[in-house]
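Subject: A structure for you to explore

Hi there,

Here is the structure I promised to pass on to you. Please open it first, and then read my notes below alongside it.

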Amino acid sequence: MEQAIFPHDGSVQKLKFDDTASEQDSGDWSNDMNIKKSGVWEPASIEDSTVSDCESGVSGGTCVQRSLFDGGFVRLVEGDRVHDLIQRRFILSLGLPGAQTQVVAIHRNACSSVMSQARVQSFRLYLQAMQKRRSGNANLKYAWYGTSGKQEVGEIISHGFGHCGKSQNNNKLYGCGLYLSPDDSPLDSVKSCAVDKDGLRHLLLCRVILGRTELVHPGSEQCHPSAEEYDSGVDNLSAPTKYVIWCSRMNTHVLPEYVISFRIPQGSVKTEEPARRPSSPWMPFPTLISVLSKFLPPADIALISKHHKDHRANKISRHDLIQKVRQVAGDKLLIGVIKSFREKVHRKRGRACRSKGGQRMGQ
């Protein structure tokens, strides 16, 4: 089956995809962008898409500006079906911040260099391999990647991903991998985007081979699938907001197709600092277990107590104990419990100091 993936020097680049990929591809994108039940996008609309030559063009009487990037891209004209689809879906998926968001430009990766074409071919081969490995279900998705700016966009298109989430505000919270957001949940990637001198942020819209996903807990130090039955990670199995592509696969399982450049007013989207990883409980373990018992089911408390007992018996290290407790309880709950405990300790110390000071004054 021939697939039209990218225009190349004004023509449509044809690649043969012998695929029967996932039928679970992104719902609305699949319908609007002609992703067949095979799961691979066959953009018939691209054949008659109006794209600029990165110099000038006219769409609806409006002059098209030059490309925002040095090379390797073609700028889609407003009014082009693919342009308008990406813009509309992006704005709607942002929710309330979308009303304040201005899409300035959308560019397509032209795959004009020899190395870019090689990466496309590599992606195709890995897609076919994943289909065979997973009984025809490659779990092919669209996903967003938040960049640090135009320079990183150019480097990724020219050389591929050279790091794992370096530009993203994730602090490797979900292991050593490349973090992307599902196509219908771009907000996390928007928050991780840096704002350039022109007030623009740049997101890459990529095709991603997920295969079979596994749950990755916050604070994980994972850098590859935990077992042969898995291929990638997610932060939530039923409603993921993060896809985790392990570093060894970031240039074979992720294919950047578009870059969307946009403005969003400061304050409408707050950049969230990653949750601090607790390196130690900062409170006695018996006290921690007692407090956690108010929030966690008995089975989880029994498991944490077992890990603590194993540590006391020198069967596991303190580091292993902390990691196991974090996996069971989750960092969000642990940080809340520890913070509350520390605040109580400080209040007690403050009262004690004031009491002693009052006693000295009374003497």
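**The largest cavity**

Helix 4, helix 5 (150-159) and strand 13 (254-263) each give at least two residues to the lining of the largest cavity. Helices (H or I, at least four residues) and strands (E, at least two) are DSSP runs, numbered from the N terminus. Before going on, please keep in mind that this is a predicted model, where local features need pLDDT of at least 70, side-chain atom pairs count only at pLDDT 80 or more, and totals for chains, interfaces and linings use all residues. Residues are numbered from 1 along each chain as its sequence is written, and side-chain values use heavy atoms, leaving out hydrogens and water.

How many cavities of 30 Å³ or more does a search of the whole structure find? The search finds three. A cavity is a set of points, on a 1 Å grid over the protein atoms alone, where a 1.4 Å probe fits but cannot get out; lining residues have an atom within 4 Å of a point. The volume is the space filled by probe spheres set on the points, which are joined across faces, edges and corners. The largest cavity holds about 120 Å³ of space. Its lining has 14 residues, and R119, I156, V254, L255 and P256 lie nearest the centre. By type, the lining of the largest cavity has eight nonpolar residues (Ala, Val, Leu, Ile, Met, Phe, Trp, Tyr, Cys and Pro), one charged (Asp, Glu, Lys and Arg) and five polar (the others, Gly among them).

**Two backbone angles to look at**

Most residues other than glycine have a negative phi. C111, though not a glycine, has a positive phi of about 50 degrees. You will find C111 in the loop between strand 6 (102-109) and helix 4 (114-133). With a relative accessibility of 1%, C111 is buried (under 20% relative accessible area; exposed is over 50%, partly exposed in between, with a 1.4 Å probe and protein chains only).

N139 is not a glycine either, and its phi is positive at about 55 degrees. The loop between helix 4 and strand 7 (140-146) holds N139, which is buried at 9%.

**The cysteines**

A disulfide is a covalent bond between the sulfur atoms of two cysteines, counted here when the pair is within 2.5 Å. The structure has zero disulfides. C223 is in no disulfide, and its nearest cysteine sulfur, in C176, is 6.1 Å away. C176 is partly exposed at 25%, and C223 is partly exposed at 40%.

Enjoy exploring!

Key:
1 Å grid on protein atoms, 1.4 Å probe; cavity = no way out; pocket = protein on both sides within 12 Å on 5 of 7 lines; lining within 4 Å.
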